[in-house]
Amino acid sequence: MNQFDLIVVGSGPAGRRGAIQAAKLGKKVLVIEQGKRVGGVSVHTGTIPSKTLRETALNLSGWRERGFYGRSYRVKEEISADDLRQRLIITLNHEVEVLEHQFARNRVQQMRGKASFVNPTTLEVVKDDGETQLVSGTSIMLAVGTKPFRPDYMPFDGKTVLDSDELLDISELPRSLVVIGAGVVGIEYATIFSALDTQVTVIDPKTTMLDFIDKEIVEDFIYQLRDRNMKLHLGQKADTVERLDNGKVLLTLDNGRRITSDMVLFAAGRMGATDTLNLSAAGLEADSRGRLKVNPETFQTSVPNIYAAGDVVGFPSLASTSMEQGRIAARVAVGAIAMEPQKYFPYGIYAVPEISTCGLSEEEVKDRGIPYECGMARFRETSRGHIMGLDSGLLKMIFSLKTRRLLGVHIIGEGATELVHIGQAVLNLKGTVEYFVENTFNYPTLAEAYKIAGLDAWNRMGEIKTTA
């Protein structure tokens, strides 16, 4: 039986970062991956594929140029599923090659197969050829990620009724698409297909959407979606989903409304991929959604030598935060000092348009009773926005009236997931409104929106009162 300092189950963002971190500290590390190639959900069915699909859709459809040339503008008149897949294959191959090289360079050992616990320190790995092997680790990190929630009542067939993993393998683009679930995954795919001129309808039993995002940003987002004729049926539930003989799908909502569509994407949540790990043998138990509870500072489970990181521990379920969780967990697991993570991290939603946020929302500031002021900037107020033909896009910052410090930054529009990092740095460095007023930004850039929004707030807050 092979003995390791750290065994990592899963090679997604948390697993790869944790494994490489432990290896850099001179530890003997093994990564177990059940997929045919390393990378996990992030590389093969999640983050990278969906963002690649988004970029391809925006490029081929000419979406970014329509502000100048009109809504009928196209780069490629007929866009096929193969057009989208070509770029995806190239991107995925590159990601896998980079990861394989990182493992080899850092002497991280790899094993293909399905792992399950024998006891808290031992795993049985069943390889593709049926051979089994026992491996033992002083510490074990579970970074198995999640898989789509697939309820029994949904008639999945991989062609007309699909989950988010299956959507990447469609043979042709649908003329109409119903998305069940207005969470991050559902909204990202809904808006991507809308940009490809598919008629999209979104159904969700909740009356609101993206509740962790600043309400003003969500309202602007919903306005843009409806302005391009996306149908949002919030507060409504799909009672039945039926495949018809003509190849279409009929949905009946709880209010009696009937919707016919070429395709249905069910994106109402994901499950932790823990069902095959035999957790009970290690003294662990997952919740109803297959997730594991951990110490938020060390990512240690209830079993001292077992750690978990990434989507399997729940919110925020981001590739970026998963990487940091994996790195911290690995350091703690091998006895190294782990710095406390920065208080504020950015959240990115790669919809069309992008949304990104960092820090407190206006609703959270109100709930905490903090006196505040907001600064707003529209992208169309910047010269770069005019050059790019942007007629939408909004940056909002929230400042404390008492300390003048930045409390939150919220952005919707082109480049939001890149722009947010300026606000993130100021937040974590406890910067004030004066930074944005007195700082010089490149001209012309969208980043100038920070100065515009800063001045907008400063004009109402006034200058700092100094005593002689």
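In this predicted model, D311 is in contact with G145, T146, S317, L318 and S322, once its neighbours within four places in sequence are left aside. D311 sits in a loop, the one that runs between strand 17 (306–308) and helix 8 (319–333). With a relative accessible area of 22%, D311 is partly exposed, because the partly exposed class begins where the buried class, under 20%, ends.

The unreviewed UniProt entry places a "binding site" on K51 and D311. K51 belongs to helix 3, which covers residues 47–61. Its relative accessibility is 22%, so K51 counts as partly exposed. Apart from neighbours within four places in sequence, the contacts of K51 are E188 and Y350.

Under the UniProt annotation "binding site", the unreviewed entry lists G181, A182, G183, V184, V185, G186, I187, E188 and G269. These residues are spread over 89 residues of sequence, yet they cluster in space, with a largest C-alpha distance of 13.4 Å.

Two glycines of this group can be taken in turn. G181 is in the loop between strand 9 (176–180) and helix 6 (184–195), and G183 is placed in the loop between strand 9 and helix 6 as well. Their accessibility classes can be read from the values. G181 has a relative accessible area of 3% and is therefore buried, since buried means under 20%. G183, at 31% relative accessibility, counts as partly exposed.

G183 touches D204 and L210.

E324 is partly exposed, with a relative accessible area of 31%. From E324 to L123 the separation is 201 residues in sequence and 25 Å in space, C-alpha to C-alpha.

Five of its five residues are buried, so strand 13 is largely enclosed by the rest of the structure. Its side chains can be sorted by direction: V249, L251 and L253 point one way, L250 and T252 point the other way, and all are buried.

Strand 13 has a pairing partner in strand 12 (residues 238–243), and the two run antiparallel over five bridges. Within this pair, V249 of strand 13 stands opposite R243. The hairpin formed by strand 12 and strand 13 has five residues between the strands, and G247 takes a positive phi near 90° there.

Strand 14 (residues 258–261) also pairs with strand 13 in the antiparallel sense, over four bridges. Here T252 stands opposite R258 in strand 14. Strand 13 and strand 14 form a hairpin with four residues between them, and G256 in the turn has a positive phi of about 95°.

Notes. Residues are numbered from 1 along each chain as its sequence is written. This is a predicted model: local features need pLDDT of at least 70, side-chain atom pairs count only at pLDDT 80 or more; totals for chains, interfaces and linings use all residues. Side-chain values use heavy atoms; hydrogens and water are left out. UniProt positions are given in the numbering used here, feature names are shortened, and annotations may be inferred rather than shown by experiment. Buried means under 20% relative accessible area, exposed over 50%, partly exposed in between (1.4 Å probe, protein chains only). Contact means heavy atoms within 4.5 Å. Two strands pair if DSSP finds at least two bridges between them.
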